[in-house]
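I opened this one to see what holds the fold together. My notes follow the order in which I looked things up.

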Amino acid sequence: MPCRALCLFLLLLLLLLLGPAWATAAASSIHLPAPQSVMVYSYNFRSSLRWSPVKVDRGPVLYTVHFKTGAFNQWDEMNCTHITQTECNFPQFLNERRWTIILRVRAELGQMVSDWVESDPFVAERNTTIGPPKVNSVIVSSDSLLVSVIPPFGSELGDFLQYRVSYWENSTSTTEKETKMSNTLFKIMNLKELTLYCFKVQVEFMIEQDVQIRGLQSVPECYRTTVSVGLFLMWRYHNTIKYWSQPPFKIPSHFEEYLKDPSMPVLEALENCTEEDPCDSLSVVCNGEKSQECDSTAEGKARSHSSSSESELT
């Protein structure tokens, strides 16, 4: 009896000493917060699981991440065990665009662990965010922009990408025009000369015949079209062209009076030109109203001048 009483006393003492520690550990394990905001982030098919940090006062919290696929319903590790970061990048073997992937994460502190928190099912081909293409170069001409772009991600066999191009004249009018291209080198055509145009490009990734993912638009870029050769020459030599395109030389007013008044002795004076007062040249100025009469007069004077020349030779 005394031995049994002693044993009971020692057991009771042990429970009194260790009981509060066990109770505290059990309570702490139950109340260790689980990670929140667990989501898969994917940009151009590069994916990772992210979550908000668990904050406690007893020390740094570690995290462990598991995954499973739609084809194999079994949790497995993915190189993110007992990590301090709140992000876990997908390993290369999980970067399959058509796989359905589910992930879970829990917080750990010593022997204490939180509940597992699962992500929503993720399929990269449908849930990734496609960034804008990079504009590699732009060649400007008088009526077009020749644009070269780089795709936002490396293509795989069977990929089909289209480039939706929006462009507009950078003026008071902001009406946009759109066109679709299937090549990384394309031309925006039918533009005005010496005009500032802006454009932006986005990718359309075709999943199926009628299903597509539209990516983010690129930052607008603006370029001014050049001048055509013909317009440049007109501008370069506009003074010369202006000079030669002037109306014909206007007849002085006193000549017009002579031509309009038949009584003026101008023509008669010309007819009376003799050797004592030789005429080296003959200039006939005609008014448009009497052009026929003037033509016949000039023809007669030409014959008279020719006859007199012949008589001098004989």
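The entries below go from the whole chain down to single residues.

**Ground rules.** I am working from a predicted model, where local features need pLDDT of at least 70, side-chain atom pairs count only at pLDDT 80 or more, and totals for chains, interfaces and linings use all residues. Residues are numbered from 1 along each chain as its sequence is written, and side-chain values use heavy atoms, with hydrogens and water left out.

**Overview.** I started with secondary structure and got seven helices and 16 strands. Helices (H or I, at least four residues) and strands (E, at least two) are DSSP runs, numbered from the N terminus. Next came burial: of the 314 residues, 28% are buried. Buried is under 20% relative accessible area, exposed is over 50%, and partly exposed is in between (1.4 Å probe, protein chains only). Then I checked contacts, meaning heavy atoms within 4.5 Å. Taking those between residues at least 6 apart in sequence, 58% join residues at least 24 apart.

**Disulfides.** How many disulfides does a search of the whole structure find? I got two, with the cut-off being a pair of cysteine sulfur atoms within 2.5 Å. One joins cysteine 80 to cysteine 88, S to S 2.0 Å. I read 95° about that S-S bond, a right-handed link, and both cysteine 80 and cysteine 88 are buried. The other joins cysteine 198 to cysteine 222 at 1.9 Å, S to S. That link is right-handed too, with 100° about the bond. Cysteine 198 sits in strand 14 and cysteine 222 in strand 16 (residues 221–224), so the pair ties together parts 24 residues apart in sequence. Is cysteine 222 buried or partly exposed? It is partly exposed, because its relative accessible area is 38%; cysteine 198 has 3% and is buried.

**Phenylalanine 205.** I stayed on strand 14 (residues 196–206), which also holds phenylalanine 205. This residue counts as buried because its relative accessibility is 2%. I listed its contacts, leaving aside neighbours within four places in sequence; among them are Phe45, Arg97, Glu125, Phe153, Leu161 and Ile213.

**Aromatic pairs.** I counted seven. The rule takes rings of Phe, Tyr and Trp (its six-membered ring) with centres within 6.5 Å; planes under 30 degrees apart are stacked, over 60 edge-to-face, the rest tilted. Phenylalanine 45 and phenylalanine 205 are an edge-to-face pair, with 5.7 Å centre to centre and 75° between the planes. Phenylalanine 45 is in the loop between strand 1 (36–43) and strand 2 (46–52) and phenylalanine 205 is in strand 14, so this pair ties together parts 160 residues apart in sequence. Both phenylalanine 45 and phenylalanine 205 are buried. I also noted phenylalanine 90 with phenylalanine 122, edge-to-face at 5.9 Å centre to centre and 85° between the planes. That pair links distant parts of the chain, 32 residues apart: phenylalanine 90 in the loop between strand 5 (87–89) and strand 6 (101–109), phenylalanine 122 in the loop between strand 8 (117–118) and helix 2 (124–127). Phenylalanine 90 is buried at 8% relative accessible area, and phenylalanine 122 at 5%. Phe45, Phe153 and Phe205 make up one aromatic cluster.

**Charges over rings.** Here NZ of Lys or CZ of Arg must be within 6 Å of the ring centre and within 35 degrees of the ring normal. Arginine 97 lies over the face of phenylalanine 45, 4.1 Å from the ring centre. The charged end of arginine 104 sits over the ring of tryptophan 116, 4.0 Å from its centre.

**Backbone.** Most residues other than glycine have a negative phi. Phenylalanine 45 has a positive one, near 70°. Histidine 82 also has a positive phi, of about 55°, and is found in the loop between strand 4 (76–77) and strand 5.
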